[in-house]
Amino acid sequence: MTPSHPSGTDASPDESPRGPLRDAGSRGGRGAVSHRWVPVVLPPLVALLTLGFTFLYWQAEERGARAKRAQNFQVAADHIAYNLKDRMATYEVVLRGVKGYFEGSERIDREEFRAYVGALQLQETRPGLQGVSLILQLQSAELDAHIADMRSRGFPEYTVWPVGERSAYAPITHIEPFKGDNLKALGFDALTIPAAQAAMDSARDTGELALSAPLALQQDKSLPGTPGQPATEPVTEPVPGLVMYLPVYQPGAIISDEARRRAALVGWVSAPFKLADVISGMAKEFDSDIGLQVFDGREANAGNRLYGSAVGTAASATPATPAASDAGAPSAQDTRLLAVGGRHWLLQMSPLPAFEQRYGDNGHYPVAVAGGVLSLLLAWFTWLLATGRERAVAVARGMTAELRATRDDLESTLNAIPDLLFELGLDGRIHHYRSARSEVLAIPPEMFLGRLITDVVPPHAAAGCHAALDAAHRTGYSAGHQFQLELDGNTHWFELSIARKESPAPGDAPRFIALSRDITERKRAEARTHQLAYFDALTGLPNRRMLLDRMEHALLSAQKAAQVGAVLYIDLDNFKQINDARGHTVGDALLMQVAQRLTLQLRPGDTVARLGGDEFVVLAHNLAPDVETAGRAALLVAEDVRTVLEAPYAIDTHLYSSTGSIGITLFPKRGEGVEDLLREADTAMYRAKDLGRNRIRFYEAAMQADVQERLALEQDLKKAHAEGQLAAFVQNQVDAAGTVVGGELLMRWTHPTRGNVPPNRFIPIAEASGLILRMGDWMIQQACETLASLQAAGRELSLSVNVSERQFRQDDFVERVRHVLAHTGAHPTNLILEVTESLLIEDLDDTIARMTEIVGLGVRFSIDDFGTGYSSLAYLKRLPLYELKIDKSFVDDTPDDPNDTAIVQSIISVARHLHLRVVAEGVETRAQADFLVESQCECLQGYLFGRPEPLAVWLGRLTTTA
């Protein structure tokens, strides 16, 4: 057998046995020794080295796992802090919207405010927010007037509490949702809570959002024995809440410095919430395996904790290990400092055991075992191969570990990106796809590979994507392109950003990285904001802002195209009576039906808008090239609108009738803007109402003159009382025998230049301007003084005085009547106050209570013009009445007209059964008088028995004959 060469190779046959020794000797005598120890020493050494590499790999993987866990913890902590700050910013946006609503409203209608807040869907979109409220600033002198105003608005038990004398008050006057625990807060004076006062003062002085310190919300306060908590159980301490405040200033006020802001302050809008409820509502946005504590201030201690309980860090919750005690181990706790409304919140976040378990990666343990086995195998192969190969294996393993670490790091980074990531060619072919949110796609992501964009998205979206690709090819980057896709039956919006990728080798086809972000929620939020800003919350029609914008465009278009358009101003007749009698729910339903009918009547391109209340506007474009033809076309449109509004409205199985008064103005006109057009159409609409309602009127220059005339008449009427131009006249009332038994006191106005102004001309102006209050008091004073004079002359006659609804509704009306009676000494039973049926439509219970109080003084009541208004036997039975007055319109045609005759007899019959006296007005012929006497009418009044005459003349004649 041929001996083996020490190197492991066979020797040649012709080589001398001593050849190797000579060769070794020629190399210094050390080669043989070296070859002997290499197989013995090198394999164990290689084994030790490879085991060392395995250990280092295991340690690196352990550190990598900890670093990855720490990285994910930091991402989760950042996400929590960002979302919490974003939610507080969202609350601020809500408050600023409500503030804008209040500052833009001349008068805050509670129902519209409720509809506005309801449209925000606070409980669904902003959980944790308990409501939105308005707080008014009141001085001590304003308190009583404020309480009276609130009680007249439907809150009879309203008061400002806690009760007590203070220099200033800040009661909560509006709060929505107005239900549940929010009802407890109405009328509460927020200045009585120091924490709230500090925040409100800060908001007032800075003009910015201010957040209160923790305080007890009024919604949570409950006393033992109150409903919902047994009296035998102790009262649980409510969880403190927080309140955001934004100041509301007077519209147009200058608020450049603190002093002016204080002077211009009207109140605040506020939003109470509990941080625990807010965080609970954001549970889906937070990592549930992260322990969270929130402290009020920059330091963490139990006394200022807002949320959470003491939680240990991940390090303290698990046994200590050598790796865990490494200097490089990541911190198990993180803090963030948030600035919210002038205050600071300290956020402490710690990973919980479940978080540690979720990111615990034990896959390197089997790798370490395999590494040990491979090390032993490598040592064995090293013993076989002697040298060289163990280094190649070690290098290969090192490169593998490095590549794996790089791959894992890239994988973690890509998984953290919530957007869709594509690699595309210039032709739109998809070469690679990556996303952590592949569930939003309609098909599996692997089906994208190798396909063109035109194969997976609609043509309109594909065209935009190709345009973005071309732009990125030219400039290197393209961003902002938006497109929509229908996924699972829902519309999703995406925003595309594309960047050119550097080619690995010259001449290669260009590649691009495309990032597609889902912006559906942002689009929906923009749509909701646009809807609230430009559309009516109740009907969905364009609001005043959008109408003015469309009118601007229509005016410019009409001027350029030489076309004539029209503005139709529509006001519903008698809507207030339906709304007051049947409630706002029925009124809102009727308004929605009106909106639907008007929308169906629209021509293509026309607009119908709701300005508020029961007022609508129709904007008609391009009616004709000339004014005459356009006027006829506008009249046809208005007639169609009037006809469709006349049809009955079916609401909750009941039918309601309402008509519309319509004013029309044409455009364009020289030098007139959209506000001028609205004013003209509004003026024409009011003229239509003056003509009897349910009419159509075009605007004429004379209408503006009439408006100015009414204004001048109002100014003259203000001077008339002081200058003695007003006078009291009396018309006789007689019994069946023709004997004078009383009279009706009437007001006459003799103007120095206008002459005698008819009552039907100046009384409506007095009603509208409020002058009727002073004039009505004067007439009652005249009546009582006249009654006292008649009593002194031994004549017991009655005097009737008309009382307007506005005068009757005064808070101190009863006291005024009592004072006049006491001052003049007139017998109350001889004073008869005449009211109209319109008084009975609104708040009948309050009307009955006030009438009963006045009747308690001895004064008697009469229903004037009975049968022409809201006639109902129900209120006749409930009201403390003395007489009914039959309107002149029924008396005129008696006894010749059988209809009027039957009506008069029916009224007398009803009155007799209810033990009421009947007075017939407008008796001018003997035939009328004889018919009324035969029908057992007790009292007659009219020109047949005397025209109205000055009070002094009437009184002198009666006292002389006495």
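Visitor: In strand 16, which residue is the bridge partner of E495?

Guide: The bridge partner of E495 in strand 16 is R517. This is a predicted model, in which local features need pLDDT of at least 70 and side-chain atom pairs pLDDT 80 or more, while totals for chains, interfaces and linings use all residues. Residues are numbered from 1 along each chain as its sequence is written, and side-chain values use heavy atoms, without hydrogens or water.

Strand 15 (residues 490–501) pairs with strand 16 in the antiparallel sense over 8 bridges; strands are DSSP E runs of at least two residues, and helices H or I runs of at least four, numbered from the N terminus, and pairing requires at least two DSSP bridges. Strand 16 (residues 511–518) is also joined to strand 12 (residues 420–425), again antiparallel, by 6 bridges. There, F512 of strand 16 is the bridge partner of L424.

Elsewhere, the model holds 3 cavities of 30 Å³ or more (sets of 1 Å grid points where a 1.4 Å probe fits but cannot get out, with lining residues having an atom within 4 Å of a point). The largest cavity contains about 160 Å³, and its 18 lining residues include I172, L217, Q218, V243 and Y245, the closest to its centre. Strand 1 (132–136), strand 4 (172–176), strand 6 (242–249) and strand 7 (265–273) each give at least two residues to that lining. By class, the lining of the largest cavity has 14 nonpolar, 4 polar and no charged residues (Asp, Glu, Lys and Arg count as charged; Ala, Val, Leu, Ile, Met, Phe, Trp, Tyr, Cys and Pro as nonpolar; the others as polar).

Definitions and conventions. 1 Å grid on protein atoms, 1.4 Å probe; cavity = no way out; pocket = protein on both sides within 12 Å on 5 of 7 lines; lining within 4 Å. Points joined across faces, edges and corners; volume = space filled by probe spheres on them.
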